[in-house]
Structure formats: C-alpha cells, structure tokens
Amino acid sequence: MERLPYSPQWLLLVGRNEEAFAVMEQFDRSGVEREKAELLARQESERSDATLRETFRDSTTRWRTILAIFLMGMQQLSGIDAVLYFAPLIFQQAGLNSRNASFLASGITGIVLVV
C-alpha cells in the first residue's frame with residue numbers, strides 16, 4: 001500500500017516548504033508556481049500574533065462565536081440528556097405508575113443506547 005503524502009498546506013504551516021512544493025509537483029505539474037505563490041501569500045497573511053481580546057474586537061468574529069456557543073448549548077439541551085431527564089414523566093403521563101415508568105425509562109433507554 002502506498003503511503004499518502006502530507007497536505008501541502010499542512011507542510012507549509014509547519015515550515016516544511018520544500019516538502020510541500022515537492023508534493024504539489026507530484027500531483028499537479030501545471031500551475032505549480034502560481035499555486036506556490038498563492039499558498040505562501042496565504043500563509044503570510046494568516047500568521048498573526050493577535051491576542052484573544054484583539055480577535056473578539058471584530059464584531060463579525062464575536063457574533064459568529066456567540067452563535068456557535070448558542071447552537072452547541074441548544075444541541076446539548078435538546079439531545080439525549082433531555083430525553084433521559086423527562087422519560088419517567090412521559091411514561092407517567094402515558095398512564096404507567098411511577099415505579100413502572102422509572103423502570104421502563106431506564107430499561108428502554110439502556111437498550112436504545114446499546115443498539
């Protein structure tokens with residue numbers, strides 16, 4: 001089995017420029033010089049010594065991060081934890097007594113998690 005080479009972008013990121021250019025030449029003979037220049041320019045523009053505070057001064061970055069945190073929180077609240085928390089109540093409202101509801105909630109949940 002042949003070994004796959006590292007990504008040229010990753011190689012450039014870790015400072016292994018010559019290996020990155022060699023990998024690029026293996027895959028794409030046309031336009032390699034142009035692509036080299038583009039990757040080097042992108043690498044230079046992405047390097048930044050910005051602090052966390054400076055990063056969040058940009059309102060776009062700040063709102064994207066807040067949205068991501070909100071979505072992750074909603075995902076957690078609407079996931080299996082919510083189902084596990086409310087399962088006994090759901091079974092009680094379905095007409096089962098408290099003891100059977102707890103047993104069914106934990107038993108069915110365990111079976112579903114195993115499967």
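Glu54 has a relative accessible area of 42% and is partly exposed, because partly exposed covers values between the 20% limit for buried and the 50% limit for exposed. Select this residue to begin. Glu54 sits in helix α4, which spans residues 52-55. Keep in mind throughout that the model is predicted.

**From Glu54 to Gly95**

Glu54 and Gly95 are 41 residues apart along the chain, and their C-alpha atoms are separated by 57 Å.

**The whole chain**

Now zoom out and colour by secondary structure. The chain has seven helices and zero strands. Read from the N terminus, the order of elements is α-α-α-α-α-α-α. The chain is more spread out than a compact globule, because its radius of gyration is 26 Å, well over the 13 Å that the globule rule gives for 115 residues. Along the principal axes, the C-alpha atoms fill a box of roughly 75 × 50 × 20 Å.

Switch to a surface view. The accessible surface of the chain is about 9700 Å², and carbon and sulfur atoms account for 60% of this area. How many of the 115 residues, in percent, count as buried? The share is 13%. Contacts can be looked at by sequence separation as well: among those between residues at least 6 apart in sequence, 22% join residues at least 24 apart.

**Helix α1 and Trp10**

Go to helix α1, residues 8-13, and select Trp10 within this helix. Trp10 has a relative accessibility of 36%, so this residue counts as partly exposed. Next, pick Thr60, which lies 50 residues from Trp10 along the chain. The C-alpha atoms of Trp10 and Thr60 are separated by 26 Å.

**The salt bridge**

Show the side chains of Arg16 and Glu19. These two residues form a salt bridge, with 2.8 Å between the closest N and O atoms. The structure holds one salt bridge. Is Arg16 buried or partly exposed? Arg16 is partly exposed, at a relative accessible area of 29%.

For the charges in general, select the Lys, Arg, Asp and Glu side chains.

**Helix α3 and Glu35**

Move to helix α3, residues 32-46, which contains Glu35. Glu35 has 31% relative accessibility and counts as partly exposed. Then select Ala101, 66 residues away from Glu35 along the chain.

**Helix α7 and Ile111**

The last stop is helix α7, residues 98-114, where Ile111 is found. Ile111 counts as exposed, with a relative accessibility of 56%; the cut-off for exposed is over 50%. To finish, select Thr55 together with Ile111. Ile111 and Thr55 are 56 residues apart in sequence, and 46 Å lies between their C-alpha atoms.

Conventions:
Residues are numbered from 1 along each chain as its sequence is written. This is a predicted model: local features need pLDDT of at least 70, side-chain atom pairs count only at pLDDT 80 or more; totals for chains, interfaces and linings use all residues. Side-chain values use heavy atoms; hydrogens and water are left out. Helices (H or I, at least four residues) and strands (E, at least two) are DSSP runs, numbered from the N terminus. The radius of gyration is taken over C-alpha atoms; the globule rule is 2.2 Å times the number of residues to the power 0.38. Buried means under 20% relative accessible area, exposed over 50%, partly exposed in between (1.4 Å probe, protein chains only). Contact means heavy atoms within 4.5 Å. Accessible areas come from the Shrake-Rupley method with a 1.4 Å probe; for residues, only the protein chains shown count as cover. A salt bridge is a side-chain nitrogen of Lys or Arg within 4 Å of a carboxyl oxygen of Asp or Glu.
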